Amino acid sequence: MQRRAVIQAFAGALLATALPVRAATPAVKVYKSPTCGCCTGWVDHMRAAGFTVTVDDSGNTAARSLLGIPPSLGSGHTAEVGGYAIEGHVPAADVKRLLVERPKARGLAVPGMPIGSPGMEMDGRRDRYDTLLVRRDGTTEVFARH
């Protein structure tokens, strides 16, 4: 019997290493207006990137304030993921990078609603915009250029 258990354990370990492992993405909580279609487009973008998203349609002003995002960086929706705030139409790839790098910061922001950002697609038009890293003191630096 011992020999069979050893063989089964070895086979199980071999099988486990052969299976692809998908890192779990943390849940995203989004605060937005119930009537905002572009915010819904961003939610769809995040879900397509593998995030589990829940939506609170009560608006985002209180969430933005609670998460420490300055009003000058505001947009139509605010999200919370992995202990970070995400303000506006931040691409999912930037959020994933943030979660891997884990900088000491409040989160990311794409102020306003740049055309061509996730959820703001318009007939193939893409305006240039930056994703900003919001430091703990509220100052920012460019995290990614799009």
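The accessible surface of this chain comes to about 8500 Å², and 57% of that area belongs to carbon and sulfur atoms; areas here come from the Shrake-Rupley method with a 1.4 Å probe, and for residues only the protein chains shown count as cover. What you are looking at is a predicted model, in which local features need pLDDT of at least 70 and side-chain atom pairs count only at pLDDT 80 or more, while totals for chains, interfaces and linings use all residues. Residues are numbered from 1 along each chain as its sequence is written, and side-chain values use heavy atoms, with hydrogens and water left out.

Let us walk along the chain. It has four helices and seven strands, arranged along the sequence as α-β-α-β-α-β-β-α-β-β-β. Both kinds of element are DSSP runs numbered from the N terminus: helices are H or I with at least four residues, strands E with at least two.

Among contacts (heavy atoms within 4.5 Å) with a separation of 6 or more, 53% join residues 24 or more positions apart.

Leaving aside neighbours within four places in sequence, Met46 is in contact with Val28, Phe51, Val53, Val90, Ala92 and Val95. Ala92 is 46 residues from Met46 in sequence, yet their C-alpha atoms are 5.8 Å apart.
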